[in-house]
Structure formats: C-alpha cells, structure tokens
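This report describes a protein structure, shown below with its sequence.

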2 protein chains.
Amino acid sequence: MPAEGGPLSAGNSIVDFAALDAMVRPRSVAVIGASDDGTRIGGRPIAYMQSQGFQGRLLPVNPNRPTVQGLPAFASVAALPEVPDAAIIAVPGEAAIQAMDDLGARGCKSAIVFTAGFAEVDEAGAAMQERLVAAARRHGMRMLGPNCLGLFNAAIGFYPIFSLSFEQGWPIRGNIGIASQSGAYGTHVFAVARQRGLGTTVCITTGNEADVSLGEAIGWMAQAPEVEVICAYAEGIRESAGFVAALDLARRNRKPVIMMKVGASALGGAAAKSHTASIAGDDAVTQAVLDEFGVLRARTTEEMLDIAYAASRRIYPVRNALGVLTVSGGAGVLISDASEAAGLPMPEMPQASQDKLRGLISFCAPRNPVDCTAQAVNQTALFGDFLEATAGDGGYPSVLVFLTQTGGSTSLAPKLRPFMRDAIAKRRDRLWVLSAICSREKVREYEEDGFLVFEDPTRAVNAIAAMGRFGAYFARQVAGAVGALPSVVLPAQTPTEAEAKRLLAEAGVPAVPERACASVDEAVRAAEAMGYPVVAKILSPDILHKSEIGGVILNIADAAAVREAHATLLARAAQHAPQARIEGVLIAKQINGGVEMAFGVLRDPVFGPVAMVGLGGVFIEILKDVAFRRCPFDPAQAEAMIRSLKGFPLLDGARGKPKADVKALAESLAALSRFAVAAGPRLASVDVNPMLVLPAGQGAFAADAVIEIEEGH
Amino acid sequence: MPAEGGPLSAGNSIVDFAALDAMVRPRSVAVIGASDDGTRIGGRPIAYMQSQGFQGRLLPVNPNRPTVQGLPAFASVAALPEVPDAAIIAVPGEAAIQAMDDLGARGCKSAIVFTAGFAEVDEAGAAMQERLVAAARRHGMRMLGPNCLGLFNAAIGFYPIFSLSFEQGWPIRGNIGIASQSGAYGTHVFAVARQRGLGTTVCITTGNEADVSLGEAIGWMAQAPEVEVICAYAEGIRESAGFVAALDLARRNRKPVIMMKVGASALGGAAAKSHTASIAGDDAVTQAVLDEFGVLRARTTEEMLDIAYAASRRIYPVRNALGVLTVSGGAGVLISDASEAAGLPMPEMPQASQDKLRGLISFCAPRNPVDCTAQAVNQTALFGDFLEATAGDGGYPSVLVFLTQTGGSTSLAPKLRPFMRDAIAKRRDRLWVLSAICSREKVREYEEDGFLVFEDPTRAVNAIAAMGRFGAYFARQVAGAVGALPSVVLPAQTPTEAEAKRLLAEAGVPAVPERACASVDEAVRAAEAMGYPVVAKILSPDILHKSEIGGVILNIADAAAVREAHATLLARAAQHAPQARIEGVLIAKQINGGVEMAFGVLRDPVFGPVAMVGLGGVFIEILKDVAFRRCPFDPAQAEAMIRSLKGFPLLDGARGKPKADVKALAESLAALSRFAVAAGPRLASVDVNPMLVLPAGQGAFAADAVIEIEEGH
C-alpha cells in the first residue's frame, strides 16, 4: 500500500469517484460462493436482495447446485451469462484470489471481498493480500475489502453485505450515508440511526482497505445523488490523496461530513524523531486536516447522528444566531449556557418587540431566551403571539422552542400545534427545532410540520451550532493559490544551523543577522560589525540541539567576552561531543524584547509535510498549545493558525506589551509551508526555535533553525 | 435573607434536615384554596393525591363549599378538625400571608406556597415576601416557596404540586430524588426520567427559596430512606450553611449527588473588587465547593440521568477499572478512547488468560478491550468462555459488554443471555454494563439480569467512570481538623504592604526579608544589612497596585542605586498619585531563581472566604489557570489545589529546573486559609503576588501582599 499515494487501480483518476458506481450502484452482481442457505455468509446477500427487490440482475455462482435460493446458479465465473458490474467474493483465501482473476478476465470491474484471513491476521495473510491486490490490478478492477462486511445501497435494493442487523429492520430511506472502516461499528451506527428513525440509504464498510479507502467511500457519496449528509468512522486515515479530494468535493457539493476518528497514534516510529514531531501525534494532524475541510468531529455516535439528523434538512445558516422561546426560565438559562459553550450567538430581541411582549404578559422575560411562562401555554393565543414575535421580529436563522412535556401533553399540545405550524409555514428557510418529551408518533407529526425534534435541549443547541459551522464553512471563499513554490535544493546531509538558516531565508523565512566564523578573530570582527550584545553558538553539523551541551552563550557585551565565549564553546563541545566536527562558532545579533515563538514542519506518514506553530517555552512544553496545518498554505491561513493559539493574547498586546508583528510571522510561516512542499520527501523536519517576533512593523526572525534530512532517500 | 446564614426558622438546627419531614412526609395536609375542579391549580394536588392514594389525611379548606372533589371541606383554617402537619397555600398574595398566620396559630409546622407575585416580580413583591416570611417565622413554621411548583413524595402518594406532567404518567418508583430551584426544569428532569424508565420517588422544587433552600432539599434527601441518589438543579446557590451541611451528610450516608448548575455570575458587584476576585466568577467557586464534596457536575439532563441511573445500583467501586468484552474491534477502540478521556483505567488482561483466549479464537484480540469477534457470537459457548475470562481472570470492578444490535437480535440474543446471566450471578458486586440496541422490553430483561443498559458506549463509559469517582470519594478519609485558627486583629483601614506582610507572617505566610524605611539613609542602611541585590518599593496606604505607577524598582546593586531608586520612587508617586500619603520606601531582599506564584483570598457572597492559587504571569492572566477552595483547609488539601494546576509541572522539575518547595507553598496557602477565616467578614480580599517558591527545602516567601478591608463594617 503506498504511504502517500492514491488507490491502487492505476486506470482511475483519484478524484473520479463516480468510477465506484459499478460497485455501489451496479446493474448486475455475481455472488461467488453463493449459498442456498440464506442465513450463511454466502447466502445472506442473496436473501437480502431478493427480499428488498434489487433492481439489477443477481447471478449466484455455485459449482454444486443448479439453483440458489430459487435463482438459476452458474457453475463458474466463466459460465456467467453476462459480465457483471460487480461481484461479491465469499470464498476462502486462494479461491478468492482465483475468483478475482476470473472476474477480471471476464471484464468485471469491481469486487466486494468478504473473505478474511489477509493482512489483518499475519505476515502470510499480508502476502496473500498482495496477491489478491495484484489480481485486481492486473485487470483494472476496484476492490472493497478484503475482510469487509460489505455495503448497502437501499435506493436500489443492493445488499452485498452479511450483517445480521437487518433482522431488526431494513434501512429507512433518507439522505444520510455512512462510510466506516469498521464493519461492526458501521452497522452499529446504521442500527442506532434506524432506531431513531433516521434515513441512511447507503452504508459502505472498507475493511482492510487494500484498494478502496475510506476517503474514496466518502468521495463516492460526495458525488452521488443518494447522499446529502456523510457520516464517517475512522480508526486511522491510511491514504491522503483520495481522502483530501473527497473532503474537497463534499465541500464543493455542500455536503457536510461528520466524522468519528478514534484510536492511537499512527505517526508511529516517526513520532519521536524531532522535537516538533514529538509534540504532534497523528491525531492533531488529522484534526488539522478535518478543520481545513470543515469536517465536524463527533465524539460519540449519538453526537454524530444528532448532527446528521439536523443536517438532513439541508439548512445551513451562514451567519447563524439562535432565538429561543421557552416555557421554563430554568431551561432558558441552560440553553443560554449551552449556546455560549457552542459559540452560537443569541442576540437580544428588538426592544420594541420586548415591550410588546411585556404588554401581553407583564412577568414574561422577552430578551432571548424569550420566556413566555406557563401563562402563554394556558392561553394558547398568547403562545402564538410569542412565537410570532420571536421568529418574526427576532429574525433568527435558527429558532428553538422549548416545550418539554407540554409538547407531548394530550390536553395542551394539540392547541399549540397550529400556531407552530403557521409560524413555520411562513418561514421555511429557518432551522426550526423543538425540544419536547413526547411519543415517537408525536415526534413524527412535529417533524412533518417542519421541526427537528430533540428531547434534550443541550443536544438541540449543539446540533443547531453545527449547522451554522457548516453554513459558515460552505460560504467561505476557497483559499486561493498559495503562491509559487520556491526552488529548494536540499544538501546531501543534515545541514548546519547556518546553512539551515540560509536555506530558510532564501525561501522567505528571515533569520537574525549572523555570521559563521571559523576563527576567534573572525568572531570578534563579526561581533564588532553587527554591534553588541551578540550571541555565540557552537557550529557543527553533528550537534543539532546545541543548548543541551551548553553550546549557546547569550548577552556577550564586548570583544573580550567574545574571546571567552569562543573558548568556552570549544571546550564544551570537546567535552560533550568529542566526535563532532567543529566548524567554528556562529555570531548572531542578540535581539531583545521580541515574543519567542517556535514553528516547524514535521512529515506525517499519511499527509506529508505538516506545519506547526506555538508560543515558546511553557506554552509548548507544558501546555502543548500548538496549531497544525497541512503544507502549503497562504499567509491568511497561517495567521488563522497563529490566532487559534491559547497564548495568542501575548502577541496581541496582552500584559501591556506592544502588539507583535503577527503579519511578518504569518508570512514566514506560510513561506516555511511552501519550502516544506518544495523540498520534497527528503525533508524530515524543520524546527525554528526560537522565532523572535518583534513589535508590529519590525518583523520576525529565526534565531535558531534545525533542518533534518531523511536518511536513505 | 441572610447572606451566609442558615434557614430562617430559628428553632431548627441547620443540619436537622429531618425537620422537613412534616413537609415532605406528612400525616395530614390542608389545602388552602382547595378547588373542586381537579384541573385548576388549587384542585390538582387534591385530584393527584386522591388518584395516587395519599396515605395521610387530606383536608381541603374552602369557605364556599361543603365538599371539594368529594371530600368534606372546611371553611377556614380555624375550622380544621386537626392540626395538619403540612399545608398547601394556593390563594393570592394577602390571603396567603393571612393563611400562613392562621396555620401557624393552629400549630401547623410547614407550608408549601404555590402563590406567585412575590420577590420574583418586583420590589413591592419582595416586601410582601418579607411579610410572608415573617408570618412563618413568628410561628416557627418552615416554608417551601413562595412561587414554587411544589413537591411530590410518591412513596406515600403525597402530591402537593400543580405540574401537568402527570397527564403523561405517574412517577416510577425508585431511589432517585430530584431537588430543583426551577419547577419547570425539575419536572422536565422527572419527565425525562419517567420516559427512560427511571424511578424518581421524590421531587422538591424550591421556587423563591424564601425559607427552604436547595441545600435543605438535598439535605432532607441525604437523610431520608426514600432516596439513595440525588439529582439537583441550581441556577445559583443562595445560602451556604445548609448546602454545605447537606453535601456533607450525603457523603456520610454514601448518597451520590449529581448537579446541574447553570447561569451567570452571582459574585455580582464583588467581582471586580480585587485582582483575585476578577479572575474568579462564582462558577469557579461553586465548582470548588462541589469538588470539595465529591459532587459530580453534569452538563446536560441526559448526563445527569445517565449517572443517576448507574448510581441507582449503589455499586461504587473504590479503585475502579474497566474490563471490556466487545464484538466489534472498532467499538473497542472507541471505548478505550472514551475511558482514557474519562480517566478510567483499562488494565491489560493477565497474560495466561490472553493465551487461553487466543487458543479459542486465534484471531481474537484478548488484551482489553477483549474483542471476541463475530465468531464468538456465532458459537455462543465461545462467548461464554470469553465473558467468563474477562470478568473472572480480569477481575475488573466494572465490566462493559458491547453487543450493539446483537443484543437485540431475535436469533442470537436469547442464546447469549444465559451466559451473561451466569457470569453476573457469580459476581454481584461488580458493575455490569451492557451496550446494546434493543427494545424497551429487552432492556428490562437485561436489567433484571443485573445489567445497566446503555445504547451508546461512550455514555456507558462515562457513567461507569462516575461510579468510580463516587467510590473513591466515599472511601477517602474525611479531612481532619485544619488546625487552630490564628488570632487576627485587622487594622481599621486597608494596611500598607509592610503591615499586610506582617499580619500574614504572623499567621504563617512568611515574607521576603524587608524593612520599611522612612528616610533614604534608613533605606541604605537596610539594604547594606540584608545584602545586595535589593528591591525598593513605594510605601503608602493609598497606593495598592504599586507596579501600575512604576512604584517597584528591581536589581538594586549598591548604595548609590538605592539613593537613586528612592528619589525615582518619590518622584513617580508625586506625579501619579499626588494625593497619596507617602510613608517612605520598602527595601526587600531580592530573591532570584524562585518560581513566581500568586495566591490570595476573595470573599464570595455566599460561601465566604475562598482561597485561590495560580502560577504567576501568563498562567493566571492569559490562561486563567487557577484553583479555588473554600477556607479553611489543611496543607494536604492546599497541595492538592497546587497539583491540580495545568502549570504544576513548572513546580515539579519541568524544563530542567529543580523541584520547587511545594510543601512550603502548601503550608503557606493553608495558613492563609486559616487567616482568612479568623479575620472575619471585614476581610475583603488578600493578594499575595508574587509568592516566590524556592527549590525544595528552601521555602516560599511572599514578595508582595495586599490586604483589602471591607468598608462599612
């Protein structure tokens, strides 16, 4: 499997997701290993498709029976009466490889491989998986699995899947799609959705991902009319090109992606290689990619389905704001807290409208949340007035009505419902949400009226906030070009600090003025020329982390001190790194008064070069307060990273300091991101620490830099 | 209402919560304003109690009717045939006050006041509320409300409440109690609980809390056999003595308290008074009190009821650890993530047991989570072996079985259930939790077997983790005495820095060596005596925040510099604070190399003196990284506060520094907490900033201190 490449099938463009149509929306499907017993793995898909009226042709392959579950069966792939669009492979190891070859020879374009015992088991299995892949590749076939549970596309009754979930019910039709690396968890999500009455028309589980990846499954949904909302479950993103292209396509087609990403580090061995990398952890990198593409990360299945449920209405307010009508003051406070926590504004009602409502019920609270009190519930016409005022005068893109058990009350709810129906009918572009405790049937009625219904008001608020985040994201200008990549020629080996800084300076990351000095006299001359105070550092290609051996001396005030520092540095190097090649010392202008930042690049095994920025010292080391982004990016995106730091106030004039030159810092960071891409895969990491950011207008300068080159490239 | 006092009724000890028995578990109840119409506010309680078979005597009071809802009615309180334990007051304003007086005169001990229009409306209402309170107090009566929805105690069919919620069903019997300041939200919680099948036997809503507070409602539940688990909803804690005593009693009786606390700041005007206070905000103080008493804070109703549901089993593992048996590897990863996030350990299975399980299914994952794969579901005896190994060999106090839809499968679940029943029967002391998707009836069956059932595995994990937190908390030794309070005599006015430090030093918070110097010559002599470098600060009772006017000069190296600093300080004071009385300068030994901390005390209007500690500089100012605790407390508790800081690693040897003298810091902080209590209510705040913490064994010293005295006391 290529680390940073696309899918295996060379014939398909990585963004041609419609190429999976033959797999997900076929006109015919062969079942290799078809069983007459509808409870067996090779029999379930046939039973399911017969029960659900698959709209294509179902072609069982079984050498031992003339019929399978009442259908004519064929003795071999060769005996099939037509070339199937897709095939299910449900036969053991070697037979599966043979079947793939036979299918390819017939011209079949796609296979869904249930068979287990491949790379998920051991090395021998991995070798067998390679042969399976090779068979597919030989014929330009696409493959789902092996070791996958399968997929379903309920829109056409296509069920190449052996899950037992359907025992408890078939999918409800709707516009939600599920893409999952885990078969069991994918169908768990489907089952929870069904239990909640949510329509999930397509579900694809990717198993071992020897060919079709999670990214491609998402990508197919991003272009398929069956799906408008995508739920994805990942344990680790194994390839980036398809994944990134899928998220980009989903954005362009205004289809929200909600993702659960679980599990331990995939950065693996690379994690400890550089200081920057040791702070990362793949999860932070994945999160940065999800942020880049406006994917919402759900922590639980429930949260994922709450958001998907809300998204299924396809109303994504660009500048979301919430108006709340409540029958409980307590709930109003709780909802306000939840909105603030979710970053969802609740602007105050217009004053005139507040006065009007106080005229109706003197002890109401009309600000927003609008508390109409129990009186409005008992005099239902008042409830109508309050609802009309909240939705109409307030003008909120999202309206939450908190009725709690009143929403399910047999005496009151039927009197309130007409007012709600009227209010909704007038404003179909709003996101209408009801928080109520009522029966499943009542929920359906309210949904038909145009409400989303949540029992828990906090969950309602979080789902509403999510719709606003999608709206803002879909409305955002897609970032322009990041600018031409610089021409970078990396040295053969890990460069010295001076060389590293020169490379970075050429790429647009300026360094503190400095000079490499081979002799003590040269060091004195350099210091005199740049003016005191200066900093002296040992200069050696073999000593990367100089401060660990006392290889940096600050605050050097005159020529005598330069000479003393020179001697001290050589002595320390001789003591602590006797094997190191010493090229002299580096004399640099000492810059005081800047804010110390750190930035760098690490190479993620999946996503390639990823930039990191953080405030120096405790912010990085104790608080892990850093931001990541895939390279390359432009200065505006770099600035957004910098502004996302918890410690950003320190750059923005906190504690009486002048505002720092964030613009210069952002430009350097963006330049570093272009450098990282231009440098290619031999660049293992870059650490610029400290990066000194002077007051606005005075620039930002690298005071130290380490570039590590990947060995063996 | 007294700010820091107990309940109004002078005759009752604040911890004698059983005194509310007459209100919550009465033998007889009068209804003032009884209505013959069971749908009206004055009629509903009677209808409810008749329907639910109230086990006491029901005495309607109505001057206009001989009977009410079929019961003999009485024309007045005076006409009642007996003295009722409790009374419901459902008549308007003045009549309510009269009724209270009449009831008190008859010897009735408690009233539940539905009547609204009191302090919640306006000043006139507040004045009327005072008269209502005075009437109750005159007769030693306890009062719930006014403006409350009422309460119910389903154990005896007692329903002095006018909620319409019962239209949709009566409470399920169980051991959960609900105490809520909001009537609507309290019954919302009850309704959600009923919907989920959770037993809530008692619900008390406290309304305006003119007498009985939320704390007392919790306290009654803490001692009542009807309740084992307490759910509380608060918008603001209005009195501390009853609240704290209630939480303490709940702890002693091993009854977990789960609280939702919503809403804006109650610190109100006090918030901005001192630097320390401006960082606080009442929520942080309330959180500190909840932490002190092991109360779990729920963010949503759902989370509150998840925890209450789990707690209703009354199994609180002291050293909780989770064993997981799963049929889905994906869910296993998700559960592991959730456990780590919840701080719930998942130790590995014993190696021998892992080997045994691999012998049963070669491709299983037996570490923990134990993934038995679909094979164990298809061969159910294997499932039994895996379950027995996980629970038996693993020895986990909590066991989570993830079955997802298999748990509801009509073909498989009945075969798996006997194995689960057996495993549970052998180990009744464990917390058994099942994550499954199944019908309500199936859930009931599993619950009868001994499982808690959650659909969502993350919610299951969070509830399990909560049980461990209760267990650890209940097992903890209650803190010993905090030591004798010092004798503190506060000066008449806000003291100078020198005086403040002297006061603190006497109380056990040592300061950096320093001397107040009235003349420049005295300053030089002081500096020479203590040794250079020294710090000079302006000395004035009128200048509290010296650094704001440049009133602190560091790094003074010799006598000449002392003279220069003296002149500079006087000049700056003359320029920036011309009205200030200048008493000279303070010369202090400059201590280098310590970690700068800040600590202090603020006076919370409800909880009294509250101590705060944080790391100096960015940690407090940018990150608000501070810990709070009610005063007084002992050094061990102080150390726990210090260790809870995000920046604690800086005191613990991070970044190559020596470990700081945390013990000395903790002792000083505990001493400060005793000082704050001993100083009494005239102490408005204390700010010690910086507090310099030297390496272990060398102590911690206040370098600056401000004590503010409350004016008007």
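## Backbone geometry

A:Asn368 is found in the loop between α12 and β15 of chain A; helices (DSSP H or I runs of at least four residues) and strands (E runs of at least two) are numbered from the N terminus. The model is predicted, so local features need pLDDT of at least 70 and side-chain atom pairs count only at pLDDT 80 or more, while totals for chains, interfaces and linings use all residues. Residues are numbered from 1 along each chain as its sequence is written, chains are lettered from A and ligands numbered from 1 in the order in which they are written, and side-chain values use heavy atoms, with hydrogens and water left out.

Most residues other than glycine have a negative phi, and most peptide bonds are trans. A:Asn368 has a positive phi, near 115°, and the peptide bond from A:Asn368 to A:Pro369 is cis, with omega near 5°. A:Asn368 is buried, at a relative accessible area of 8%; buried means under 20%, exposed over 50% and partly exposed in between (1.4 Å probe, protein chains only). A:Pro369 lies in the loop between α12 (351-360) and β15 (370-371) of chain A.

In chain B, B:Arg314 is not a glycine but has a positive phi of about 60°. B:Arg314 sits in the loop between α10 (301-311) and β14 (322-326) of chain B and is partly exposed, with a relative accessible area of 48%.

## How the two chains are related

Chain A can be laid on chain B with an RMSD of 0.1 Å by a turn of 180° and a shift of 0.0 Å along the axis. The two copies are thus related as by a two-fold rotation axis. The superposition is by least squares on the C-alpha atoms of residues with pLDDT of at least 70 in both copies. Of the interface residues of chain A, 100% are also interface residues in chain B, so the copies meet through the same surface.

## The interface

The contact (heavy atoms within 4.5 Å) takes 57 residues from chain A and 57 residues from chain B. The two chains bury about 4,500 Å² between them, 57% of it on carbon and sulfur atoms; buried area is the accessible area (1.4 Å probe) that two parts lose on being put together, summed over both. A:Gln405, A:Ile622 and A:Arg655 supply 13% of the area that chain A buries against chain B, more than any other three residues.

Across the interface there are 22 residue pairs in polar contact, with both residues at pLDDT 80 or more. A polar contact is a pair of N or O atoms within 3.5 Å; within protein, one must be able to donate a hydrogen and the other to accept it, and residues adjacent in sequence count only if both atoms are side-chain atoms. The elements of chain A that each supply at least two residues to the side touching chain B include α5 (183-196), α10 (301-311) and α17 (457-475). The largest share, eight residues, comes from α5(A). By class, this side of chain A has 24 nonpolar, 20 polar and 13 charged residues; Ala, Val, Leu, Ile, Met, Phe, Trp, Tyr, Cys and Pro count as nonpolar, Asp, Glu, Lys and Arg as charged, and the others, Gly among them, as polar.

## Salt bridges

A search of the whole structure finds 85 salt bridges over all chains, where a salt bridge is a side-chain nitrogen of Lys or Arg within 4 Å of a carboxyl oxygen of Asp or Glu. Two salt bridges cross the interface of chain A and chain B. In one salt bridge, the side chains of B:Glu302 and A:Arg459 meet at 2.3 Å, N to O. B:Glu302 lies in helix α10 of chain B and A:Arg459 in helix α17 of chain A, so the pair joins two chains. B:Glu302 is buried at 14% relative accessible area, and A:Arg459 is buried at 17%.

Within chain A, A:Lys261 forms a salt bridge with A:Asp283, the closest N and O atoms being 3.7 Å apart. A:Lys261 belongs to strand β12 and A:Asp283 to helix α9 (residues 282-292), so the pair ties together parts that are 22 residues apart in sequence. A:Lys261 is buried at 5% relative accessibility, whereas A:Asp283 is partly exposed at 29%.
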